[in-house]
Every structure is written in C-alpha cells, then in structure tokens.
Amino acid sequence: TRTACETQRRAENFGSHAALVGAEIARLQQEIDTARREIDATRNRAESLRSVAERVPDLQTQLERSQNEGRRQFERAPYALCRCSQSGAITDANHSFVTLLGCRRVDEVRNTDFVAAALDSAGDLGWLLERARTTRKTETVETHWKTREGRRLVVRLRALATATGAIDIVA
C-alpha cells in the first residue's frame, strides 16, 4: 500500500508535470506561430520595398526629364515669365521677360527686386503677391511698367503661388 500510494503520488505529480509541460508547449507553439506571421509580414514588406527601390533609378530619370522639359518650356515660352520670392525678388526669368524689361540677359534681372526692376507702383505687386499667396489661385493686376530705356507700358500681370512658396508671374 505504501508503494501503491507512492506510485499514485508519482503518477499524479507526473500528470501535473505533463500538464504543465503540455501548456508550455502550447504557449511556445503560439509564440512560434506569431513569429512566423511576423516574419512573413516582414518578408512581404521587404519585397515591396525592394520593388520600389528597383524603380527609383527609372523614377529619377523620369523626374530629371520632366524637370528639363519644364525648364525648356519656361525658357522658350513666347510670353514673359518670371519666378519671384515671396518678397518680390526675381529668382528666375525667361528671355521674353528679360526682353520686355529692355535687358539682354537673365543675369541682369535675377536676384533683383521686381518693383525696382519694372513696376511704377510697389502697391500693385505687393497686392498681387499677397493675393496669390493667400488665395492659392491665379490673381491678376494691370499695372504700369517701365523698361530700362524709360519706356512706359501697361502690363497685365498674372501670378500664382507655387508649391515651393515661389510666385510665378506671367506678363
């Protein structure tokens, strides 16, 4: 009986131990399944990122072509175009704009104050720039313009704030 009781106790201990081991195995299996799902998700994300990374050189080439084409169109436009900072400093201009001002080269007007370079009325440009910035729409003003030779012109200016914060002006 003592042996039978001891055997019974050992069997109960073994059963309890087996139940604990079984529960631990089940918990570990759940952790393994979770880790496998996370690894699969990470692998899928890595493959997606690799696919995007493989497209980057082509996208960069397309962007450069687009920028070059945009630059070419800006420079060759038959109408006067300039780009100003928010304060009104000319940051870029095309040949038609430069010619309209009575200049020969873009460098003669770049980084100059648009008002000092062309307009009789600082208020017209200030209003135009402010309206373009605040409305984010194309705004128009008719103003008097002076060329380097002293000629006076009546010019309609159309301005639009760009995504970069610059203001594009068409005369």
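# Notebook: looking through a predicted model

**Leu 20.** I started with Leu 20, which sits in helix H1. Helices here are DSSP runs of H or I with at least four residues, strands are runs of E with at least two, and both are numbered from the N terminus. The model is predicted, so I kept to its rules: local features need pLDDT of at least 70, side-chain atom pairs count only at pLDDT 80 or more, and totals for chains, interfaces and linings use all residues. Residues are numbered from 1 along each chain as its sequence is written, and side-chain values use heavy atoms, with hydrogens and water left out.

Is Leu 20 buried or exposed? Leu 20 has a relative accessible area of 62%, so I noted it as exposed. The classes are buried under 20%, exposed over 50% and partly exposed in between, with a 1.4 Å probe and protein chains only. I then looked up Thr 91, which is 71 residues from Leu 20 in sequence and 76 Å from it in space, C-alpha to C-alpha.

**Whole chain.** I found 4 helices and 5 strands in the protein chain. From the N terminus on, their order is α-β-β-α-α-α-β-β-β. The radius of gyration is 37 Å, well over the 16 Å that the globule rule gives for 171 residues, so the chain is more spread out than a compact globule. That radius is taken over C-alpha atoms, and the rule is 2.2 Å times the number of residues to the power 0.38. The C-alpha trace spans about 125 × 35 × 20 Å along its principal axes. Buried residues are 22% of the 171.

**Largest pocket.** Which residues line the largest pocket? I listed Gly 70, Arg 71, Gln 73, Phe 74, Ala 77, Tyr 79, Leu 81, Arg 83 and Asp 92. Helix H1 (2–76) and strand S1 (81–84) are the elements that give two or more residues to this lining. H1 gives the most, with 4 residues. A pocket is an open set of points on a 1 Å grid over the protein atoms alone, where a 1.4 Å probe fits, with protein on both sides within 12 Å along at least five of seven lines; lining residues have an atom within 4 Å of a point.

**Arg 136.** I found Arg 136 in the loop between helix H4 (122–135) and strand S3 (139–146). Its phi is near 60°, a positive value in a residue other than glycine. Most residues other than glycine have a negative phi. Arg 136 counts as partly exposed, because its relative accessibility is 46%.
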